[in-house]
Amino acid sequence: MDLRRLSLRGLLKRPRRLVAGAAAVVVLAGAGTWTAAASADTPPVHRTDQVMAVDGVRLDTSFFTPAGAGRHPAVLLAHGFGGSKADMRQQAEDLAGDGYAVLTWSARGFGGSTGKIGLNDPKGEVADVSRLIDWLAKRPEVQLDKPGDPRVGMAGGSYGGAVSLLAAGYDHRVDAIAPAITYWNLADALFPDGVFKKLWAGVFFNTGGGCARFEPALCRMYDRVAESGTPDAAARELLQERSPSAVGARIKVPTLLLQGQTDSLFTLAQSDAAQKAIRANGAPVDVDWIAGGHDGGDMETGRVQARVRAWFDRYLKGDKSSGTGPVFRITRTGGVNSTDGTAQLRGATADAYPGLRSHPRAVPLTGGTQHVTNPAGASPPGVSALPGLGGTGGLSQLSALGLGVSLDFPGQYARFDSAPLTRDLQITGTPTATVHITSTSDDAVLFGKVYDVGPDGTRQVLPSQLVAPFRVTGAKAGKHVTLALPAIDHEVQKGHRLRLVLASTDLGYASPAAPATYTVSLEGGALSVPTAPAVTTAAAPLPAWVWWLPAAGAAVALALLLTARRRTAGPAPDPELAEVPLVIKDLSKRYAKSADRYAVREVSFRVEKGQVLGLLGPNGAGKTTTLRMLMGLITPDDGEIRVFGHAIRPGAPVLSRVGAFVEGAGFLPHLTGRENLELYWKATGRPPEDAHLDEALEIAGLGDALARAVRTYSQGMRQRLAIAQAMLGLPDLLILDEPTNGLDPPQIREMREVMIRYAAGGRTVIVSSHLLAEVEQSCTHLVVMDRGRLVQAGPVGEIVGSGDTLLVGTATPVEEPVVEKVAALSGVASAVRTDDGLLIRLDPGGTAERLVAELVRLEVPVASVGPHRRLEDAFLTLIGGSA
């Protein structure tokens, strides 16, 4: 996972040639120039690759210039964390085609550049930018404001956005910036209110290649905080000095702040602090809250790129006719596209930035005094955002569609509810509430969140999946605390309720490991909600400036964004397949960053009602990738999947007819089996009557054990409970990944009976398993995969009983060189060693008689020859022994 890194392939790749360099920035390699044009209507662009020596490190750079003579404003494009200059190539070519001289580079420790990662150290990465500006000032292609001072802007996302802000504070020659989804204060971002954001911090250090690739001080800081779970003053100081906030008073250039709404890493509060500081310096500042962010969602790449270009046209080229857009803009969800299930976006604007607490409205809440348990080890943790799901759409994207998933465990949270709203309520900004906290421990850590609860009281949505952690020191004596809850833009409909939840744990953060009990009450009896009435939603199509983007650049992300293919309208349902559970046709998925290596390639098969299909293959065969595509978790590169005639995509409504058991399930040990399933179903937000709980439990066969605590269950009973969880709602298609892991033979037999009973009702089961003998007894049909391709598919009997495979018994073991000679024989498709001899699969036309003659010629000590009848033998011959 990278931090909203753009991964776009460049059009040109050429070797570099060594040349001489000079002075402060020494050019070590480069001088090759190439020309590219994105389309027939786009002017050609020249690119020069160079490796420069800058203050003891080597920076890998590319310089893009328009065709023709003359000087042009310059733009520095900075990549996201974990990325490289290659991520910026397409945007650089687009800007160069628009008349800019563009310089991209790989930051220290990334791509082809050397040095330690300093998290935008002023003496490292930020100083590098100044040296690059020095270099630009000497280029004949670059416009100068005065000698040594080029006309230059900077743009970048996440890590690159922060260095844009920092460079503007440290180097007065920077003339305009467009930072996106980034931080103002890195200490506040990773240690909000003194709570360690452990998952995102771990992403930083893992994406960077491990602690050893960072500056030693950063490595020691991370190890110290990760071990203790509590940030110290030295850790905060180290991150603050690498933050734009440290030089906020010196940033005085036109700034376009683009911040993500679906972002638990760098929240809207970060851009709010940046706007206030830079605007106080007298500089023009526009703010744009985009739909996506580090947690996924729609990154609005075309609109964003157009606005950044217009910003530079205005403040670098001096084009006063360039429409830079409104001072403040929000992207709002305006329903669901009926053709592809994606959220429809619309713009809301204001003539002034409203801040995060504009025009608050008090919403009364009830709840009384409540006790909240912080469990030992802070486990199990509640769930809100999940770093790492951004590339698959993320929980936040489900939230935008009203389908968010979050978990708060019984006894581990307090809740305060409003009455049903009598009119629609638009929340824009940071809700606040005052609470009183008393703890049995000295310190308390809680997580505040505001839910939108549906009229039936069961479906609740956590807007953008955001929570606000807060630490209360000296809590034993009791304290009043005013909570600043996550900044959001969310409409709560009439008849819905607001629910304030204070939880003791969250998966993304470090909570105290020692058990404690918190006593929580609401002071003042209300939640203060900002409404920002000056922000109005456009009733007509968005202004023309939104769409000013050449066709060649429409799919190109701003330098800050992760690779994300623009969604296209899904194909219409196929009525002829309405009763067919699954049809996979020409399915392919390439490995990341590879144009010709496939995890799955051109796989096609069909599954009918009532079948129990076994998906078999060795490690790396592509089974898991196929299942993930089937469940809508990842998107195929080619081909299609249809479930009951509907094309599968992330969030497809037809996925409600699919149940899945993948890599086990986590249950609360102190709750009964039934209570665990009821809690799980409640978390899905679907009506209780749709669960068909009793039917699923009858098929699972748990009996009276449902009334017992899960901690008393055997492994087999836990597995059956997990299968029952997957069967809730009685999905028409049930997917089970290794359901018999860890079970003994009697338990495996019970699991087999569960699968057979489920399919007997006309439903369909797909099971991935490595227990071949069990698959042979449980499944009616098989699909065998190897190295990403389909090897064979059909009824179990046909595959097991295939007459083209022979078991050759030998008096002594056969050496591998001889096995290779046998496999190379004419008429032999494959040969694999077994404990007793060889398994040999014949090509069409191959005969046992000819095979025996060839074996004798090769001096193979043949003792017996006969057809095989075991699935294991068939499997090994089909995959050529690669398992």
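Helices (H or I, at least four residues) and strands (E, at least two) are taken here as DSSP runs, numbered from the N terminus. The close-ups below come from a predicted model, in which local features need pLDDT of at least 70, side-chain atom pairs count only at pLDDT 80 or more, and totals for chains, interfaces and linings use all residues. Residues are numbered from 1 along each chain as its sequence is written, and side-chain values use heavy atoms, with hydrogens and water left out.

**View A. A53 in strand β3.** Welcome to the strand that spans residues 45-54, where A53 lies. A53 has a relative accessible area of 21%, so the residue is partly exposed (buried means under 20% relative accessible area, exposed over 50%, and partly exposed in between, with a 1.4 Å probe and protein chains only). D128 is 75 residues from A53 along the chain, and the C-alpha atoms of the two are separated by 10.0 Å.

View B. Helices α2 (125-137) and α3 (159-170) each supply at least two lining residues, with the largest share, three residues, coming from α3. By class, the lining has five nonpolar, three polar and two charged residues (Ala, Val, Leu, Ile, Met, Phe, Trp, Tyr, Cys and Pro count as nonpolar, Asp, Glu, Lys and Arg as charged, and the others, Gly among them, as polar).

**View C. H72 between two strands.** Look for H72 in the loop between β4 (57-66) and β5 (74-78). With a relative accessible area of 14%, H72 is buried. Residues that H72 touches, leaving aside those up to four places away in sequence, include P66, Y100 and E141 (contact means heavy atoms within 4.5 Å).

**View D. G368 and its partners.** The loop between β15 (360-364) and β16 (370-374) holds G368, which counts as partly exposed because its relative accessibility is 45%. Not counting residues up to four places away in sequence, G368 touches F416, V520 and S521. From C-alpha to C-alpha, G368 and V520 are 8.4 Å apart in space, while 152 residues apart in sequence.
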